[in-house]
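This note is for a colleague who is opening the model for the first time. The points below can be read in order, with the structure alongside.

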Amino acid sequence: MALKLVSSNKCAGGFQKVFEHDSSELNCKMKFGVFLPPKADSSKCPVLYWLSGLTCTEQNFITKAASQLPAAEHGIIIVAPDTSPRGCNIEGEDDGWDFGTGAGFYVDATEEPWKNNYRMYSYVTEELPKLINANFPTDPDKMSISGHSMGGHGALVCALRNPGKYKAVSAFAPICNPVQCPWGQKAFSGYLGSDRTTWEAYDATTLAASYSGPRLDVLIDQGRDDQFLSAGQLLPDNLLAVCSKENIPVVFRLQEGYDHSYFFICSFMAEHVRHHAKYLNA
């Protein structure tokens, strides 16, 4: 599959690049950012996939998260895709900030008019890794996943639904129990329909209750002053209760004074990269 280079910038001894390609899953052009550490010049590297949150493109993470320096230090490629299909000419796709464009929710839609394009789950777990492994010096057996908010939800779901596929998972302020919060209920009813049992395949709290794969070490950072935490959109306590019952190891850190923004993310990004490096470089 052909890649078109959109931009390339020297960064942290390596290169921060953006590419565009025609996605077969999403039936549109998609962009993703890829940071290539200096180590990639001479050897294969593990890959950390980053999933961004509502309204974001690939640009938010690569310009605001301060991920390149720690990724260069640990020799990790970081791939950051866009958050949804764009320009699909679907009626209503641009009507709201929390549904449609910029809000793919990392599900495979089953409802019209979304099902032919809004297949972010399969894009992230299947198409994109194949594309990355075919075009960059990766170790295909060493990948992990992380994300923020809607992307934190996506990262947790991808890891829990694919035991052993990802060496580790982490998240910043993830939507932990979307079937129980307004964001998730709006997205799932639109993309997946009214049968709530189908929603459970994309709910980290529900998936954790039946997880039976290899040990998965989870790191979650949550800002105590996050406006969406107090609004009941994130519901981390629900996930933590299930993980405790099922003996899924979670390090949950409630960070005093931090909100939902990239100021929060960049403050702890190096620690998240280090978390992944422990498993990716083992």
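Leaving aside its neighbours within four places in sequence, which residues is Ala 65 in contact with? The first point takes this up after two remarks on the source. The model is predicted, and local features need pLDDT of at least 70, side-chain atom pairs count only at pLDDT 80 or more, while totals for chains, interfaces and linings use all residues. Residues are numbered from 1 along each chain as its sequence is written, and side-chain values use heavy atoms, with hydrogens and water left out.

1. Ala 65. Apart from neighbours within four places in sequence, Ala 65 is in contact (heavy atoms within 4.5 Å) with Asn 60, Tyr 262, Ile 265, Cys 266 and Met 269. Ala 65 lies in the loop between helix 1 and helix 2 (68–74); helices (H or I, at least four residues) and strands (E, at least two) are DSSP runs, numbered from the N terminus. With a relative accessible area of 0%, Ala 65 is buried. Here buried means under 20% relative accessible area, exposed over 50%, and partly exposed in between, with a 1.4 Å probe and protein chains only. The C-alpha atoms of Ala 65 and Val 179 are separated by 28 Å, and these residues are 114 apart along the chain.

2. Asn 60. This residue belongs to helix 1 (residues 58–64). Asn 60 has 18% relative accessibility and therefore counts as buried. A polar atom of the Asn 60 side chain lies 3.0 Å from the backbone nitrogen of Thr 57. Beyond neighbours within four places in sequence, Asn 60 is in contact with Ala 65 and Tyr 262.

3. What is the order of the strands in the open sheet? The 9 strands are arranged as 1-2-3-5-4-6-7-8-9, with mixed pairing; two strands pair if DSSP finds at least two bridges between them. Strand 1 (4–11) and strand 9 stand at the edges with a single partner strand each, so one side of each has no neighbour in the sheet. From one strand to the next, the twist averages 20 degrees.

4. Strands 6 and 7, and helix 4. Strand 6 (residues 138–148) and strand 7 run parallel and are joined by 4 bridges. His 148 has Phe 172 of strand 7 as its bridge partner. Helix 4 (residues 150–161) packs on the sheet and touches strand 4 (45–51), strand 6, strand 7 and strand 8. The direction of helix 4 makes about 140 degrees with that of strand 6; axes are lines fitted to C-alpha atoms, for helices over the stretch in contact, and angles run from 0 to 180 degrees between N-to-C directions.

5. Strand 8. Is strand 8 enclosed or open, and why? In strand 8 (residues 218–223), 6 of the 6 residues are buried, so the strand is largely enclosed by the rest of the structure. Val 218, Ile 220 and Gln 222 are buried on one side, and Leu 219, Asp 221 and Gly 223 on the other. Strand 7 (residues 169–172) joins strand 8 through 4 bridges in parallel, with Asp 221 as the partner of Phe 172. Strand 8 also pairs with strand 9 (residues 250–255) in the parallel sense over 6 bridges, and there Gln 222 stands opposite Leu 254.

6. Aromatic rings. The whole structure holds 18 aromatic pairs. Rings of Phe, Tyr and Trp (its six-membered ring) pair if their centres lie within 6.5 Å; planes under 30 degrees apart count as stacked, over 60 as edge-to-face and the rest as tilted. Phe 99 and Trp 114 have ring centres 4.9 Å apart and planes at 80 degrees, so they form an edge-to-face pair. Both Phe 99 and Trp 114 are buried. Phe 105 and Phe 188 are also edge-to-face, because their planes stand at 80 degrees, with centres 6.1 Å apart. Phe 105 lies in the loop between strand 5 and helix 3, and Phe 188 in helix 5 (residues 182–192), so this pair ties together parts 83 residues apart in sequence.

7. Backbone points. Most residues other than glycine have a negative phi, and most peptide bonds are trans. The peptide bond between Glu 112 and Pro 113 is cis, with omega about 0 degrees. Ser 149 is not a glycine, yet has a positive phi of about 60 degrees. Ser 149 lies in the loop between strand 6 and helix 4, and counts as buried at 3% relative accessibility.

Conventions:
A polar contact is a pair of N or O atoms within 3.5 Å; within protein, one must be able to donate a hydrogen and the other to accept it, and residues adjacent in sequence count only if both atoms are side-chain atoms.
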